[in-house]
Amino acid sequence: MSKLRILYAATEINPFLQTTQVSEFLRMLPQGMQERGMEIRIFVPRFGLINERKNRLHEVVRLSGINIAVGEEEKPLIIKVASIPNAKLQVYFIDNEDYFHRKSVLVDKDNKFYTDNDERAIFFCKGVLETVKKLGWSPDIVHCNDWMTGLIPMYLKTTYKKDPIFKDAKSIFTVYNNEFDYKFEGDLLEKVKMLDIEDDMLTHLKTADFEGFVKVGMEYADLVSKSHEENFSENINALFKEFCSTKPINQIDSSDENFLDSYYNLYNELAN
């Protein structure tokens, strides 16, 4: 039995929120790894659609109270936690009143993309890493899922690479077919920056769009994986072609009966 520590960062997880296939993947994979002896931590944003009373979320005061910088602004980080029913898994929720108290996920009631979704992603990525530091829990693998987590592999290779908590961590970035065509305005690069991050490290983000976040995740992750999609968009397939010569790109079919064992072996190979 492997005693690896796996940190999952994702946009959503069943049963708390279900809008894309990310939620099912995150429900199945961490439990499968825990049953195989791995130690698990799961982080997702506390989007406003998540019913706190029904799902029994409660604030973890000792982890809350950090301020997270997004550009020149600092926003207070609130950490909430809840347990998945019928599983010995806890989920940590990254929360902030300005970013996550809307009753929808990425678009408003008129189906317009929120103009600050870039800031919400930055806040989430930084918030995950700062909370894990505060927990004092050193992950062996950081498995990032979907565009909103795309900055984490870069932060691990730069700002946090000398931190004792993260110095041995390897990262996986899983790409999903959750594309959007919005371009962010304002100085995205300045908002993203942390210590040890120069402009030339952020070249991909100059497009200020979905592709930029995904490219950063793919560039800095130790391994890239494709979610099990029947049809990726042409744009996403082009990204896989662009990176396949420089980066291992893995696809494990979630309908395969050996799906969980394949991930178990993948994590162990990456960590060693």
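This briefing walks through salt bridges in the structure above, pair by pair. The model is a predicted one, and a total of 20 salt bridges is counted in it.

**A link between distant parts of the chain**
- K157 and D222 form a salt bridge, with 3.0 Å between their closest N and O atoms.
- This pair ties together distant parts of the chain, as the two residues are 65 residues apart.
- K157 belongs to helix α5 (residues 152-157), while D222 sits in the loop between α7 (210-220) and β10 (223-226).
- K157 is partly exposed, at a relative accessible area of 35%, and D222 is also partly exposed, at 23%.

**The E190 and K193 pair**
- E190 and K193 meet through their side chains in a salt bridge, at 3.1 Å from N to O.
- E190 has 41% relative accessibility and counts as partly exposed.
- K193 is partly exposed too, with a relative accessible area of 23%.

**A pair within helix α7**
- K215 pairs with E211 in a salt bridge whose closest N and O atoms are 3.8 Å apart.
- Helix α7 holds both K215 and E211, and the four residues that separate them amount to about one turn of the helix.
- K215 counts as buried because its relative accessibility is 14%, under the 20% cut-off.
- E211, at 26% relative accessibility, counts as partly exposed.

Conventions
Residues are numbered from 1 along each chain as its sequence is written. This is a predicted model: local features need pLDDT of at least 70, side-chain atom pairs count only at pLDDT 80 or more; totals for chains, interfaces and linings use all residues. Side-chain values use heavy atoms; hydrogens and water are left out. A salt bridge is a side-chain nitrogen of Lys or Arg within 4 Å of a carboxyl oxygen of Asp or Glu. Buried means under 20% relative accessible area, exposed over 50%, partly exposed in between (1.4 Å probe, protein chains only).
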